[in-house]
Amino acid sequence: MLGKVGKKIYVGAMILGVGAFIAKLLGAAYRIPLTKIVGATGLGLYQLVFPVYALLLDFSGAGVPGALSKIISSYKGLDKDAYAKSTLFTSLLFFSSLGLLFSVLTAVFSKSIATVQGDENAYLAYVFLAPSVFLVCIISCLRGYFQGYMDMVPTAVSQIVEQVVKLSAGLILANYFMPDITRAVAGATFAITISEAVAAAQLFVFYKLRTRGNGNKKRFIAYFKEFPINFKEIIVYAIPITVAGLILPLSKVVDSFLIVNTLNTYSESATGLYGLYSGVAVTVIGLPVAVCYGIATVAIPAVSGADGEAKRSNSYKTLWLTLAVSLPCALVCFFFSPLIVEILFGYLPQTQKEICIKLLKISSPNVLLLSVLQTANAVLIGKSSPFKPILGVVSGVAVKTVAEIFLLKNQSVNIYGAAIASIACYFVADLINLSMIFVKKGSTADEGKRIKNRRYVNT
């Protein structure tokens with residue numbers, strides 16, 4: 001028998017997994033007509049801005065959903081709704097301000113960033129993408145609030161809404177500004193800003209529906225008084241989660257500099273090759289990983305909200321479920337890579353399709369490795385060990401960077417060196433994180449004591 005909590009884990013994972021898969025599928029499908037419109041070079045420009053964009057999102061609050069999910073799910077009091085609203089207010093006030101700052105900085109330094117990356121034509125895309133940093137901070141806070149209740153529907157719906165709006169607006173704007181590739185790519189990135197605005201509005205509607213008539217209304221002055229206590233508790237989890245989540249996007253920023261600039265020494269199509277790797281192979285790998293994202297997201301409240309043996313049991317359930325889903329998907333990506341590329345990117349020239357097929361075959365183990373990594377990180381966070389994932393990810397990224405430096409310089413290895421290095425990265429990170437989960441179990445009694453003795457806001 002699964003039990004009530006077990007059913008919540010599987011149902012929540014399924015809802016988020018399906019939502020994330022649809023969102024990723026729409027995102028992958030979006031690149032097909034987008035590439036037809038702007039070409040491989042345009043796709044390379046489009047992909048070039050995302051590592052820096054992801055880095056800014058991590059700096060300004062990517063750890064917020066996990067932190068709020070952990071904090072709210074751990075709360076045992078009858079006044080949970082009032083506590084959750086107070087915590088949400090604190091997170092919105094701080095992280096939206098931080099996001100606004102990074103939005104301004106992105107727009108101001110857009111040309112400098114693009115120039116250092118090796119293609120200054122990307123600067124306009126940064127300008128139009130900048131406001132979305134602020135909007136994503138608001139979205140992250142609202143998603144964390146719902147996930148703390150193990151209510152995964154708002155997150156899943158908002159992910160789909162984002163992609164539908166981005167797809168429709170992006171194609172319209174990109175097509176409108178062609179044949180100017182720089183403006184066309186900028187239009188496609190502005191569609192992301194539009195999509196985040198719509199998603200934020202949709203989540204706010206979900207929030208109003210949930211809190212309507214619950215009798216836990218407070219004046220703003222009360223929320224401000226509770227701000228210092230709530231802020232301290234959020235930061236305790238948000239900082240390590242952000243740092244752990246920041247490392248992989250930071251490594252991708254390094255990739256965008258390292259890959260393009262290294263390949264430029266012996267190839268005239270460096271940006272195009274980077275576009276094929278990050279826009280095709282990495283995108284396809286991300287589809288099944290997105291399904292497992294739902295499991296990782298559910299793992300935090302499922303583990304955090306449990307006590308004693310149930311905490312350990314829920315940890316193992318989420319990890320085994322991740323294996324059961326990701327392994328078959330990895331095998332499909334390996335054995336059916338020619339069919340996948342033909343269906344999704346059949347319009348590409350034959351030489352580019354061959355490159356994509358080989359990249360996808362090499363990268364296929366990352367479906368399993370990256371899925372396990374994100375779930376293992378979530379389990380460690382749920383077990384009140386938010387700093388532990390940092391060790392695994394830092395070690396993995398260090399291995400990847402060294403491997404890329406040597407492999408990419410070899411002209412016979414070329415862009416495939418980036419795919420090989422990423423496998424080494426996730427393997428090392430998984431090995432370290434799983435050893436901390438299975439070998440060093442920790443004390444569930446101490447965890448229960450920490451939850452019981454936590455200083456809660458007086459509501």
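D151 is partly exposed, at 22% relative accessibility, a class lying between buried (under 20% relative accessible area) and exposed (over 50%), computed with a 1.4 Å probe on protein chains only. The model is predicted, so local features need pLDDT of at least 70 and side-chain atom pairs count only at pLDDT 80 or more, while totals for chains, interfaces and linings use all residues. Residues are numbered from 1 along each chain as its sequence is written, and side-chain values use heavy atoms, with hydrogens and water left out.

D151 forms a salt bridge with R210 at 3.5 Å, N to O; the term denotes a side-chain nitrogen of Lys or Arg within 4 Å of a carboxyl oxygen of Asp or Glu. D151 sits in the loop between α7 (131-148) and α8 (153-177), and R210 in helix α9 (residues 181-211), 59 residues apart. Helices are DSSP runs (H or I, at least four residues), numbered from the N terminus. R210 is partly exposed, at 33%.

## Other salt bridges

The count of salt bridges is five. One of them joins D180 and R183 at 3.8 Å, N to O. D180 is partly exposed at 34% relative accessibility, and R183 is partly exposed at 48%.

K400 and D255 also meet in a salt bridge, at 3.0 Å, N to O. K400 belongs to helix α16 (residues 388-408) and D255 to helix α10 (residues 220-263), so the pair ties together parts 145 residues apart in sequence. Both K400 and D255 are buried.

## Helix α11

Helix α11 (residues 270-304) has a kink of about 35 degrees at L287, shortly before the proline P288. The bend is the angle between axes fitted to the seven residues ending at a residue and the seven starting there. Of the 35 residues in α11, 32 are buried.

Technical notes
Helix = DSSP H or I, 4+ residues; strand = E, 2+ residues; numbered from the N terminus.
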